[in-house]
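Colleague: I am new to this structure and would like to go through it slowly. Could you take my questions one at a time?

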Amino acid sequence: VQLQASGGGLVQAGGSLRLSCAASGRTFSMYAIAWFRRAPGKEREFVAAITWNSGSTFYADFVKGRFTISREKDKNTVYLQIDSLKREDTAVYYCAAGRTLGNIQRAYDYWGQGTLVTVSS
């Protein structure tokens, strides 16, 4: 499975952004797709995940309704909509495909290259 993340950029605080994760290859083997992020000077952390077939979702506690994960199966793409962006959302966002729906990084076997989101004040 190959994953290509895109959609990052420079956005003002309060704005919105939609990240995309395009999957190719053995996509039928994916059970869940997740988004993680790594802010400057911090560890990579879980953001949200979605099961490929049923669309069940799971979010990190800090999301608090500002992030929405979704998928379009016919496009092999997962999205992460981020609203009311804050400066602390500045990070490299990674998508990953794995065998379970959850927040454990080692459960995800395939990783994209990341897309940078920078939020300015």
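Predicted model: local features only at pLDDT ≥ 70, side-chain atom pairs only at ≥ 80, totals over all residues.

Colleague: Which backbone oxygen does the side chain of T90 reach?

Modeller: T90 sits in the loop between strand 8 (77-82) and strand 9 (91-98). From there its side chain comes to 2.9 Å from a backbone oxygen, which belongs to R87.

Colleague: And which backbone nitrogen does the side chain of T90 reach?

Modeller: Leaving aside residues up to four places away in sequence, T90 touches A39, P40, V117, T118 and V119. The side chain of T90 also reaches a backbone nitrogen at 2.9 Å, and that nitrogen is the one of V119.

Colleague: Is T90 buried or exposed?

Modeller: The cut-off for buried is under 20% relative accessible area. T90 has a relative accessible area of 17%, so this residue counts as buried.

Colleague: What share of the contacts with a separation of 6 or more joins residues 24 or more positions apart?

Modeller: Of the 121 residues in the chain, 44% count as buried. Among the contacts with a separation of 6 or more, the share from residues 24 or more positions apart is 54%.

Note on methods: Residues numbered from 1 in each chain as written. Heavy atoms only, no water. Buried < 20%, exposed > 50% of the residue type's maximum accessible area, 1.4 Å probe, protein only. Contact = heavy atoms within 4.5 Å. Helix = DSSP H or I, 4+ residues; strand = E, 2+ residues; numbered from the N terminus. Polar contact = N/O pair within 3.5 Å; in protein donor to acceptor, adjacent residues only side chain to side chain.
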